[in-house]
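Welcome! Have the structure open beside you as you read, and try to find each part as it comes up.

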Amino acid sequence: MIETWPELKKDLVCTNRKDVIYLRIIKVFYGCIQSALLWYNVFKNKLEEFGFKINPYNRCVVNKLIDNKQYTITWYVDDVKVSLVDHNVVTNIIKVLQEEYRDLKPSRGTKHSLLGINIEFKSGSTLNIDTSDHLKETIQGFPDDIPPPKHSPADKEIFAVNKNSPRLNEKQANVFHSTCAKFMWIMKWGHPDVKTPISFLCTRVNDPTKEDWNKLKRVLSFISGTISNKRRVGISNIYNIITMVDASHAVHNNMCGHTSGLISMGVGVMEII
């Protein structure tokens, strides 16, 4: 930057023994910390102008009653889902949003794709969540050989830490970190069955060892055998929420216990804790 604009050299500041330049931007810039909040406020205010009200339980959901029927819009950053009974109202909302934000790419019907996830709405208030494309990319990008498919994502030693296990080199450590980050997204939406090992391995990303590397390979081997499995969730009764809680005592090396639970609304598991 200094070579392109030498006049900026006078603005250099030494911070932590590095020369840096602090800038003040006059427009929202993608990737800045405040950008997401600014966009949220702009989009929320626009929906409120249309008469929608923020859902008190989720600040990225708005509702509106039209002819005694509830209309819902939910969004994740700039990906928006409109759930309305009348498709003509959906069309009108899309037109209004296109006039405001222009380059929209509407997707209508029962099949949709969102950030590597394929979603298909089925009959009976259920849907299938398919993350196979994301999983294939993760497996293909892993630089080591993956063992044959395992029957589970971890063994009984998942929480054990061998302090004598050799540390990974910088390249392997970066792969370990990025793979765990990818699985954090995958386990949340498509594969909650890997949540336990990935949650633990994420605590090891700052100083991963060969032992951690092998545990990650175990997760990948399990995924390679279940990659075509689709998560199915749904609602059998909107007023019936099923919760299950369990605990195991003294199962860890330090004699600590483990508590977990799940939430369902009749079809599949909504959340595993």
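Two strands count as paired if DSSP finds at least two bridges between them. With that in mind, look at Asn55, whose bridge partner in S4 is Asn58. Please remember that this is a predicted model. The briefing below visits an open sheet of four strands and then the largest cavity, which holds about 40 Å³ of space.

**The sheet as a whole**

- The open sheet has four strands in the order S3-S4-S5-S6, and their pairing is antiparallel.
- Strand S3 (53–55) and S6 are the edge strands; each has a single partner strand, so one side of each has no neighbour in the sheet.
- From one strand to the next, the twist averages 30 degrees.
- Helix H1 (residues 33–49) packs on this sheet and touches S3, S4, S5 and S6.
- The direction of H1 makes about 165 degrees with that of S5.
- As background, strands of a sheet pair through backbone hydrogen bonds, either parallel or antiparallel.

**Walking from strand to strand**

- S3 and S4 run antiparallel and are joined by three bridges.
- Next come strand S4 (residues 58–66) and strand S5 (residues 69–76), an antiparallel pair joined by six bridges.
- Within this part of the sheet, Asn63 stands opposite Thr72 in S5.
- S5 also pairs with strand S6 (residues 79–83), again in the antiparallel sense, over five bridges.
- Here Ile73 has Val82 in S6 as its bridge partner.

**The hairpin turns**

- Which residue takes a positive phi in the hairpin of S4 and S5? It is Asp67, with a phi near 55 degrees, and this hairpin has two residues between the strands.
- The hairpin of S5 and S6 has two residues between the strands, and there Val77 takes a positive phi near 60 degrees.

**The cavity**

- How many cavities of 30 Å³ or more are there? The count comes to one.
- About 40 Å³ of space lies in the largest cavity.
- Its lining is made up of Met187, Lys188, Pro192, Lys195, Arg231, Met270, Glu271 and Ile272.
- Helix H4 (170–189) and strand S14 (271–272) each supply at least two residues of that lining.
- Sorted by class, the lining has four nonpolar and four charged residues, but no polar ones.

How values were computed: Residues are numbered from 1 along each chain as its sequence is written. This is a predicted model: local features need pLDDT of at least 70, side-chain atom pairs count only at pLDDT 80 or more; totals for chains, interfaces and linings use all residues. Side-chain values use heavy atoms; hydrogens and water are left out. On a 1 Å grid over the protein atoms alone, a cavity is a set of points where a 1.4 Å probe fits but cannot get out, and a pocket is an open set with protein on both sides within 12 Å along at least five of seven lines; lining residues have an atom within 4 Å of a point. Grid points are joined across faces, edges and corners, and a volume is the space filled by probe spheres set on the points. Ala, Val, Leu, Ile, Met, Phe, Trp, Tyr, Cys and Pro count as nonpolar, Asp, Glu, Lys and Arg as charged, and the others, Gly among them, as polar. Axes are lines fitted to C-alpha atoms, for helices over the stretch in contact, and angles run from 0 to 180 degrees between N-to-C directions. Contact means heavy atoms within 4.5 Å.
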